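This briefing covers the ligand site, the strand pairing and the domain layout of one protein model. Please read it alongside the sequence and structure shown here.

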Amino acid sequence: MTIMMDHEEELLLSTVKSFMEENFYPHEEMVDRTGEVPEELGRQIEARAKEVGLYACNLPEEVGGGGLSLSAQRLIEREYGKTSHALHSWAARPTEILLACEGDQRDEYLLPCVRGEKRELFALTEPEAGSDAMGMRSNAVRDGDDWILNGSKHFISGPCMPDFAIVFAATGEDETPRGKRKRVTAFLVDVGLPGFDCREGTKSVSYRGYKTYQLSFDNVRLGPGKILGEEGRGFEVANQWLGMGRIWVGASCCGKAERILEMATEWAANRKQFGKPIGQFQATGFRLANGAMNLRAADLMVSDAVARHERGQMADQDAAMVKVFCSEMLCQLADDAVQIHGGMGLMEELPIQRLWRDSRLERIWDGTSEIQRHIITRSMLRPLGA
Ligand SMILES: Cc1cc2nc3c(=O)[nH]c(=O)nc-3n(C[C@H](O)[C@H](O)[C@H](O)COP(=O)(O)OP(=O)(O)OC[C@H]3O[C@@H](n4cnc5c(N)ncnc54)[C@H](O)[C@@H]3O)c2cc1C
C-alpha cells in the first residue's frame, strides 16, 4: 500500500479487504467468463454490505448512510478498484446527487436508495451527445404542472435493472455572452412509466457483467415533484457530484494499479529466461520501477484532491488532473504488466488480461482524457482572456 493511514483507517481497510475476499474475489473469473452476476450473488453482496456497514457508506448519517469521511471513502474506492464494477457496484454507494432531493422526493427516492430498496441510474450520455453533453437532444416541455419528456440515452451503467433514472434533458435556452446555451434540468424518472423504455444495451469488454442500459422516452408524462434541484440547473446539481466522482475514478485506478503491479513484480521475480529472473533485465525492472513511481504520484494526487475538497478548495481542473493522470498511469502500467508476462499475459488462465481490459474504460467514462485536458487548459487560458 503506497498511502499512509491512521489506526481507524487501517481497521476500515481490514474490514473492506475481508469483505472483498469473501464476496468479490472468488467470483471474478466466473463473472468475466459469463458476463453476468447471478441475481442471487448480487443480492447476497447487497445483504452482506448492509451487515458490515458498507452499503451507502458514502452518504451522511442524517439520511441513514455510513457518514464516512472523504479519506475513508477514498480507501474504499481504492480497494474496490482492485476488482470489477460488476461486483462492487452491488455494494452500492448511491449517487450523492440524490442529496438534492427535497420534500416527498426524500421518501420516494433518496431514503429507499440508502436502505437498498431502490436503485438509480445517472443518465446523461446520448448516442449523439457523449463528450459534448450540451449537444443533448433529450428535451422536456411544460404541460400545465407536468413535463413531457422525449429523447434517448445510452451507455447508462449499473449492476441491475434500476427503479428510476436521473435524466438530464433540455428545458429551454438562455441567452449568454457566449451565445445561446441550453437550460438543462435533472428529472427523476420512474421505470415503468408509460413511454419510458429501459433495456439492456450493448456489452462492454471492460468490467464484463456490469450492465449498460439504453433509455428512450416517448412523450413520458412527469407529474409535479419530479425535478431534482431546480429547473434549468441540472448541471449545477450534477457538478456537485461529478468532481468527486472523478476523484473516485482516480482512487479506483490506484487500487487496480497496485494489484497489477504486485502481479507483475511477482512474475518478474519468478519467471526465468537466459538463466535469470526476467526482472533482472533492465528493460523489465525499469518498467516495474516506473510503475511504482507513477502509482505513488497518482496516490498523492488523489490525497491532494481529497484535502482540497475537504477545505472547499477543489476546482474542476483539480478533479480533471486526477482523472487523467491516474487513468493513464493505470493503462500504461497494465500494458507494461502484459508485456512483462509475455504470451501468458494474454491467456485467459491469468487475470492480467482481464485487469488490462478493465483498465481501458477508465480513460473513457466520466469524461475522456481529452475532455479532462480541455478542462485543465481552459482553466489556464481563461484568466488571460483566451
Ligand atoms: C461502460 C460504460 C459505462 C458508462 N456509464 C455511463 C453512465 O452511467 N451515465 C452516463 O451518462 N454515461 C455513461 N457512460 C458514457 C461515457 O461517459 C461516455 O462514453 C464518454 O463521456 C465519451 O462519450 P462518447 O463515448 O460518446 O465518445 P465521443 O464523445 O464520441 O468521443 C470520441 C472521441 O473523440 C474525442 N473527442 C470528443 N470531443 C472532443 C474534443 N472537443 N476535443 C478532443 N477530443 C474530443 C473523445 O475524447 C474520444 O476520444 C458510460 C460509458 C461506458 C463505455
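Two strands count as paired if DSSP finds at least two bridges between them. In that sense C198 has L215 in strand 7 as its bridge partner. The model is predicted. The protein chain is divided into three stretches, namely domain 1 (7–93), domain 2 (118–232) and domain 3 (237–384).

**Ligand shell**

- There are 17 residues around the ligand, and T125, S131, F155, T368 and E370 come nearest.
- By residue class, the shell around the ligand holds eight nonpolar, seven polar and two charged residues.
- Domain 2 (118–232) and domain 3 (237–384) each supply at least three residues to the shell around the ligand.

**Polar atoms at the ligand**

- The side chain of S131 places an N or O atom 2.6 Å from an oxygen atom of the ligand.
- In the side chain of S157, an N or O atom is 2.8 Å from a nitrogen atom of the ligand.
- For H374, a side-chain N or O atom is 2.9 Å from a nitrogen atom of the ligand.
- The ligand taken alone exposes 980 Å², and the protein buries 64% of that.
- Strand 3 (146–158) and helix 11 (369–381) are the elements that give two or more residues to the shell around the ligand.

**Pairing of strand 3**

- Strand 3 runs antiparallel to strand 7 (residues 211–222), and nine bridges join the two.
- Along this pairing, W147 is opposite L222 in strand 7, and G151 is opposite F217 in strand 7.
- Strand 3 also pairs with strand 2 (residues 139–143), in the antiparallel sense and over five bridges.
- R142 has W147 of strand 3 opposite, and W147 in turn stands opposite L222 of strand 7.
- The hairpin of strand 2 and strand 3 has two residues between the strands, and G144 there takes a positive phi near 65°.

**Pairing of strand 6**

- Strand 6 (residues 196–200) is joined to strand 7 by five bridges in the antiparallel sense.
- Strand 7 therefore has two pairings described here, one with strand 3 and one with strand 6, under the requirement of at least two bridges.

**Domain 1 and domain 2**

- The C-alpha centres of domain 1 and domain 2 are 27 Å apart.
- To the contact, domain 1 gives 15 residues and domain 2 gives eight residues.

How values were computed: Residues numbered from 1 in each chain as written. Predicted model: local features only at pLDDT ≥ 70, side-chain atom pairs only at ≥ 80, totals over all residues. Heavy atoms only, no water. Near = heavy atom within 4 Å. Polar contact = N/O pair within 3.5 Å; in protein donor to acceptor, adjacent residues only side chain to side chain. Areas by Shrake-Rupley, 256 points an atom, 1.4 Å probe, with all protein chains shown as cover. Helix = DSSP H or I, 4+ residues; strand = E, 2+ residues; numbered from the N terminus. Nonpolar A, V, L, I, M, F, W, Y, C, P; charged D, E, K, R; others polar. Domains from an automatic or database assignment. Contact = heavy atoms within 4.5 Å.
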